[in-house]
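Subject: Structure for you to look at

Hello,

Here is the structure I promised to hand over. Please open it first, then read my notes below.

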Amino acid sequence: MDMKERIAKWFGWLQGAANKEDERLGHVYSDGRQLWASDGYRLHALDVATEKSGRVTVSEEGTFQVEETGDIPPFTAALPQGEPIAAIVVSAENLKQAAAGQEGFVRLSLYGSSQALELSSAGKYALVMPVMDVGEWQFWRPERKLSDIK
């Protein structure tokens with residue numbers, strides 16, 4: 001996959017979290033350090049520094065383009081604070097396949113760190129086994145700075 005295709009895939013994933021009915025949440029944004037999109041129920045962030053703050057689109061050349069504006073929703077306020085109760089590392093592909101078979105609302109059940117992740121919905125059940133010995137350096141989390149909280 002070349003870089004143009006990769007950026008298009010990333011942008012499509014971000015747009016999937018944008019709210020099509022709310023003008024303020026209907027876009028992908030950059031705060032200069034990260035890209036953000038949210039519909040109020042989910043939040044997608046990507047570790048890409050644009051050094052500009054504003055609405056993001058993809059140019060004809062396939063690169064991220066930022067229309068500078070100061071009106072960015074306060075995405076970092078939605079990030080959880082503190083330490084997680086449990087951490088489970090699973091294969092992204094296995095998780096996608098398990099979630100794709102579910103319908104309506106899905107309950108995720110966590111039984112503790114490094115234990116299986118259970119997904120269940122109306123008449124459907126999936127268990128995704130954990131992956132062990134994965135380095136902490138492989139996981140990124142959006143930045144939350146005190147200056148971001150208003």
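A word on terms before the count: helices here are DSSP runs of H or I with at least four residues, strands are E runs of at least two, and both are numbered from the N terminus. On that basis the chain has two helices and eight strands. Please keep in mind that this is a predicted model.

**Overall**

Starting at the N terminus, the elements follow the order α-β-β-β-β-β-α-β-β-β. The C-alpha trace spans about 45 × 35 × 35 Å along its principal axes. The chain has 150 residues, and 32% of them count as buried. Its accessible surface is about 10,400 Å², with 53% of that belonging to carbon and sulfur atoms. Take the contacts in the chain with a separation of 6 or more: 44% of them come from residues 24 or more positions apart.

**The sheet**

Five strands form an open sheet. Their order is β3-β2-β1-β4-β5, and the pairing is antiparallel. Which strands stand at the edges? They are β3 (43-46) and β5. Each has a single partner strand, so one side of each lacks a neighbour in the sheet. From one strand to the next, the twist averages 35 degrees.

Helix α1 packs on this sheet. It touches β1, β2, β3, β4 (53-58) and β5, and its direction makes about 155 degrees with that of β3.

Now look at β1 and β2. Strand β2 covers residues 35-38, and the two strands pair in the antiparallel sense over two bridges. Trp36 in β2 is the bridge partner of Tyr29.

**Aromatic pairs**

Phe11 and Phe64 are both buried.

Tyr29 and Phe75 also form a tilted pair, with 5.9 Å from centre to centre and 50 degrees between the planes. This pair, too, links distant parts of the chain. Tyr29 belongs to strand β1 (residues 28-31), while Phe75 lies in the loop between β5 and α2 (92-100), 46 residues apart. Both Tyr29 and Phe75 are buried. Together with Trp36, they form one aromatic cluster.

Asp39 is in the loop between β2 and β3. Is Asp39 buried or exposed? It is buried, with a relative accessible area of 16%. A polar atom of its side chain lies 2.8 Å from the backbone nitrogen of Tyr41. Not counting residues up to four places away in sequence, Asp39 touches Ala17, Ala18, Asn19 and Leu25.

Arg141 is in the segment after β8 (124-128). At 45% relative accessibility, Arg141 counts as partly exposed. Its side chain reaches the backbone oxygen of Pro80 at 2.7 Å. Beyond its neighbours within four places in sequence, Arg141 is in contact with Leu79 and Pro80. Arg141 and Ala45 are 96 residues apart in sequence, yet 8.4 Å apart in space, C-alpha to C-alpha.

Best wishes

Notes
Residues numbered from 1 in each chain as written. Predicted model: local features only at pLDDT ≥ 70, side-chain atom pairs only at ≥ 80, totals over all residues. Heavy atoms only, no water. Buried < 20%, exposed > 50% of the residue type's maximum accessible area, 1.4 Å probe, protein only. Phe/Tyr/Trp six-rings, centres within 6.5 Å; stacked < 30°, edge-to-face > 60°. Contact = heavy atoms within 4.5 Å. Polar contact = N/O pair within 3.5 Å; in protein donor to acceptor, adjacent residues only side chain to side chain. Pairing = 2+ DSSP bridges. Axes fitted to C-alpha atoms, helices over the stretch in contact; angles between N-to-C directions. Areas by Shrake-Rupley, 256 points an atom, 1.4 Å probe, with all protein chains shown as cover.
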